[in-house]
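Try each task before you read its solution.

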Amino acid sequence: MTLLKSAYQDLEDIVGPDYISDDPSIQDSYAFQWLAELVRPEQSHYMPRPVAVIMPASTEEVQAITMVCNKYHMKIKPISTGWYHWAGPIKDEDDTLQVDLRRMNRILEIDEKNMFAIVEPYVICAQLQAEVMKRGLNINIIGAGASTSIVASACAYAGMGPSTYWMGHNSDNVLGMEWVTPSGEIIRTGSLGSGDGWFCSEGPGPSIRGICRGFLGSRGGLGVYTKCAIKLSHWPGPKEFNVRGTLPAYRLPIHENFRVYTLAVPSWDAWADIYYKIYDNEIGYIFHRQFTLAGADLGPALWLILNDHTKTLNDIEEMVKRSDIKELTEELRISFQIILAGRSLRDIELQDKILDQVLAETGGWKVKRFCEDDMAEFTNVYLQRLGHKHLNFVWVGGYLGSWMQPGTPDFVKKYVPIAIKGLYRDAAGGLLVQCGGDALMGCGSTVAGGGWSGLEQFVSYDPADRESIKAGTKHMEDAITDAISNGIPPGKEAIYLSLGYKDEKIWDTLANSQQPIIFHFQRKIKEAFDPNDIGDRNYPTLPEDY
Amino acid sequence: MEKKKEHLDRIVGAEYVFDDPQTLEAYAKDLSFVLPIKPQFVVKPKDIDEIKMLTKWANEKGTPLIPISSGPPHFYGDTVPGAPGCIIVDLSRMNKILRIDRRNRIIIIEPGVTYSQIQPELVKYGLRVTMPLLPRGNKSVIASLLERQPTLISRYNYSLPEPLRNCGVVWGCGDISYTGHAGNGSYSLDEQWNAGHIPIDPRGPNATDFMRLLTGAQGSLGIVVWASVKCEVLPSIRKLFFISANKFEDLMDFSYRLQRLRLGDELLLANNKLLATMLGNSDQVRDLKEKLPPWVMIIGISGRALLPDEKIDVQEKDLTDLVQQYGLNLQSEIVGISNKEMIDTILNPSTEPYWKLKYKGGCEDIFFLTTLEKVPHYIQIMNETANSLNYPVSDIGIYIQPQHQGVSNHCEFNLPFNPNDLKELTKIKELYSKVSEELIKHGAYFSRPYGMWANLVYNRDAQSTMVLRKIKKIFDPNYIMNPGKLCFKSL
Amino acid sequence: MTLLNYRADALRCTRCSYCKWIPFDLMKSWRFSKGCPSVDYNHFHSYSAGGRLVTALSLLDNRIEVTDRVIDSVFKCQLCGSCDVTCKMCRFDMEPLSALRELRFKLVEEGHAVPKHKSVMEGFRTQNNMLNKVKTKRGDWADGLNLRDLSKDKAEIVFHAGCRYSYDNDLNHVAKASVSILQEAGVDFGILGKEENCCGGRAFNIGYKKDFVTAATKNIKDWTNAGVKTVVTPCADCYYTFKRLYPEIGSEIKVLHMVEFIDQLIKQGKLEFKNSVPMRVTYHDPCYLGRQGEPYIPWKGKEKKIFGQVVIYEPRKPRYNGANGIYEPPRNILRAIPGLELVEMERIKEAAWCCGAGGGVKEAYPDFFTWTANERIEEASSTGAEAIISACPWCERNFIDAMKEGDTNMKVFDVIELVYKAIRKEDF
Ligand code: SF4
Ligand code: SF4
């Protein structure tokens, strides 16, 4: 794939020579993406190469680039912080221009009173959180963590995290959006379109954002989002995020308005019950099942290792043999984390009391070791800032998520045993990390106010070992079979895998979905906003004759 | 004509097809200034199949359909035919409560289900639905939510369409799809339910948020045949508090603070005229108004689920502390009306006649969204314009409803008038259009552009107009759904 | 080790881009949240640690050839190690910084060195210093100080001034101050004077591994001949080189940075501060003293897998992640100086922003080092400090050079200068 000289020139004219490159090393650094090895031929770590990488500095430049892509029939693929195989070009046969948005990195405004901030695509969650906390405000950081782009999670991708339960999903939190469509129009949604400011995402009349910001978002397949306003929430903590401790386990002291707990329950039925009770009582600020991502068998030892900077993974074999760790592992088996925050001391004390009653009613308990200062303060920093999300990869550098079907806690608890059994089975041969079948992590609620959960199985494989990679791919296929044979729709793995499929296979799946009309509607939306088909198939559509 | 009727008879049954002049007349107009046009028929389908057939037939014939779910009176012109030859699809027969699920706090209802119908049912399950301010008893819950009417508890308003979650839709093009999580499953809601797929997540399906397209659409894209709505736990204790002020500005910072802290449940701001109209009989309004302070903030607190008394206690104490910090005064009574009476009066559906009509028989509403700090400016515009046209400022009811947890605020002016007084009618028409224009010019965001507002709003926003027309073409390519509304004037 | 040894690191890199930032938990503002000067200045992903790992992989797998862009991206990096810290926040199996060095060795070995580095290295080979100065003038700074000459004499402690403090006339008063302090404290030490050699660290970092080995071998020999047991240096680059690289080729000599030595002297009561130094200052952690200044732990071993695929190392591999850098000694000293007020920048210790001079950037990329330094100076200014204090001549030179073009009044000092001011009456 090479770029026509004239096209290169047109693009260079927009951004200047320093901000475009088609050097193969630059191309490769954008083709290289996590998860590629699970879906690409020969377990290659590279997605297809972009024909060039370009870095615009403004909406107008994005618009001009879009027009060039239309002119030369190139796919346009934006990336901001980009941490997935679908952030790169998808099909070998396409000429794809990678638009790296990192120069658009400003926080344009923080409206403290009205509780929103306006940001460009390369502002990451940690940056904005640090700034808004100075004003007593907070943001919903998505599960993928502090390093992610706010614009991406608000406008173009999932958008939930441990704080969604209280702070809302980023699809709820997004206010005005600025969107450069594939046909090159600049669309400003909600109140912004009327010139009335950024504060409202709906209307006038039907909400236009509905065509581009659905469950998943268009993941770069339907134009480029160049700015958005995001709703902020109250932060009843200190204005400075003053962590202490030695890396890697920094610790955030627990302010008097907060409580940080790791809780556990005796059964999955009790797990669902306690979730419902937490929802009904409206306690909690951050609510997440986090630490189990490292596996219910090895996880407890890992977290203690991480909290002692003199230790390494070499210590884990010995540790798991210790009787106290064995006990702790059992105590933590069905566990999750909750951070309570009170608007006042009375409020936090009452929440504490309610939590005790909820625990009593469900047979649950506070896990003592994980509620001690060191672990509680680590939990506090981990979940408040989500700066440790790369721990997803801690075992060996490769992790894939399976399951994660969203649903009510009662629904989720149905697939939990199947997911656990499946991982034990698939890891038995030693090609996947054997950290315990329950490596299930997920939000307390992915819908604001509670009611909706989902657990993702964290499956670790070695990206430097082909056989392990293949086992990862096989696990995903097995998880789909396990789900379907139990009457459950496929989970997250199906989306991962589909990146490697031919168009026809994807279309077959979409056509066989329960309401294929959805994808016909999306085709029509694409035809209306992307007549020259310059967006890639991350925005899924069904051909007319399917 | 006869042929048409035969078709309609076949689809919904002859007894549910109406073309008698009286019925047609009733649907030809509402209390807005939108020009009356008589529909050709009024039909009352009973289910999704009939609606599907109607839509198919309407597409073939090019006959416009106007869905209506709530009972009269209507106010905003959105249900008034925009062209001759329309068929009103009155959904009032579709009033089944399909599911009430306590554990998941979700209900599935048909469009004809009204607030006065659902709330007592929900009480049996220990639930309730967050309501708009004093809706008329026959107001369809689904219609209210689809129109993004503001609800009283901003804390629960994580997103403006809340608590609306999933919808079943017959689109203008005749295709059926479900929005949100339900769009991932089969068309059988029972089947979905039995598989544990509860329609809670509002997003999607897939890359599109179809529900958001339907909100604010005034029925111009499709007909919603069912919807799931999230409920709250029914409080076991409730209390109301009042804070008086001489001017709106005195309450502003405090309102911001409460919103940020999410303290309490109901939170609204009303001027004395509005509150008097809410509380009094027609002949008491004037008196009551005189007795009331110029502005009142109403704050509701509730205790629900575990330890309700302590919840109330903590909220009350926190509120008391906070009020002091702002130099305000927390009252548990105002003009001698007991707390219970207050709760019954203002936190329920309206009694008959509809409260806004009590004072003069007619009322025009002007409403829009804004950030709170701009409200005083808009009040000033309202008052100045009223003065310039000799409309009594003292008659204007003002209602400020924080939404989206305080990020946006519904600002509403109620302009009562005597519909039988031609002079007053002319004046109010002039005032209505002049104020609307002025407000829009000054950045008031008319997110729900009814009637004459549509032109004013869309003329300022060419891009949104272009996008909306593209959307319309996809979901209602023959423009059969409620033509003439919003920016969908003609093909 | 060869680049091939880091192929697994490249394959296990997840492109998470943590290496572009300081640890997220430490972020205090939008403005000072970046960690990697290279990617922040040059933007393309290849200019980050993760991106260079891809370049390494693509080269190893013959997907790409060495182009000018490859050379540019590999060398336009200070090897400051910020990436290494943030990457290892969550990973036990990654060594991005070592991989970046290995990538340079490969390019240099294959004849793809940066032209400007080539000329610096000519000077290095002929004059034994990185500044292309005349070898015989290296000891001039100590003229008249009557220091013991260890090329002829013996002592247990050698003071190694380093290239920059030896030759840079704007700065070599710090070398003088250093020896005065040592004298004041009654330390028995000597210098090698004109026989002092470059430590070789900067040659190592720009990819000339063999030249480094030659220099190191000579230094170790000279020290051994002079009976040296401890080397004390005021230069962070030299410190890192002696401390972390020399043991690899057999050195057992103890290494102390002047700030560590002074910190000890203060604790032992051997230094007395007589004067107040009324100044509001901020301290810049030099990369090679701070996060890269961790103690050396010998290791030779290999990867092993447990629990199926969990990667560990046999024997246990040392974990250089910045946790044990030299952060407190300079701060202890500054806090001990009467009248001095220490205010911290946002990015400190393991999260410090590089001065811009490291990794051969000072030698080859003037715009880039100037920009990097100015970023730091701006951060220092934001604290309200009137001076930025460091413990490395390269940082100081770089700040001074960068400030020539700016309009700041920020002063630059070495910790040693301030100590000197506090213990001596006369100015120097
Ligand atoms: S080098 Fe480390 S921090 Fe950088 S992208 Fe790779 S894994 Fe992430
Ligand atoms: S060593 Fe410093 S400049 Fe080089 S890649 Fe790492 S962080 Fe960037």
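A residue is near a molecule if one of its heavy atoms lies within 4 Å of it. This is a predicted model, where local features need pLDDT of at least 70, side-chain atom pairs count only at pLDDT 80 or more, and totals for chains, interfaces and linings use all residues. Residues are numbered from 1 along each chain as its sequence is written.

**Exercise 1.** Find which chains ligand 1 lies between, and sort its shell by class.

Solution. Step one: ligand 1 sits between chains A and C. Step two: there are 13 residues around ligand 1, and C:Cys13, C:Cys16, C:Ser17, C:Cys19 and C:Cys87 come nearest. Step three: the shell splits into seven nonpolar, four polar and two charged residues (Ala, Val, Leu, Ile, Met, Phe, Trp, Tyr, Cys and Pro count as nonpolar, Asp, Glu, Lys and Arg as charged, and the others, Gly among them, as polar).

**Exercise 2.** Work out how many residues of chain B are in contact with chain A, then how many salt bridges the two chains share.

Solution. Step one: take contact as heavy atoms within 4.5 Å; 98 residues of chain B then touch 90 residues of chain A. Step two: count salt bridges (a side-chain nitrogen of Lys or Arg within 4 Å of a carboxyl oxygen of Asp or Glu), and you get 17 between chain B and chain A. One of them pairs B:Arg103 with A:Asp273, with the closest N and O atoms 2.8 Å apart.

Key:
Chains lettered and ligands numbered in written order. Heavy atoms only, no water.
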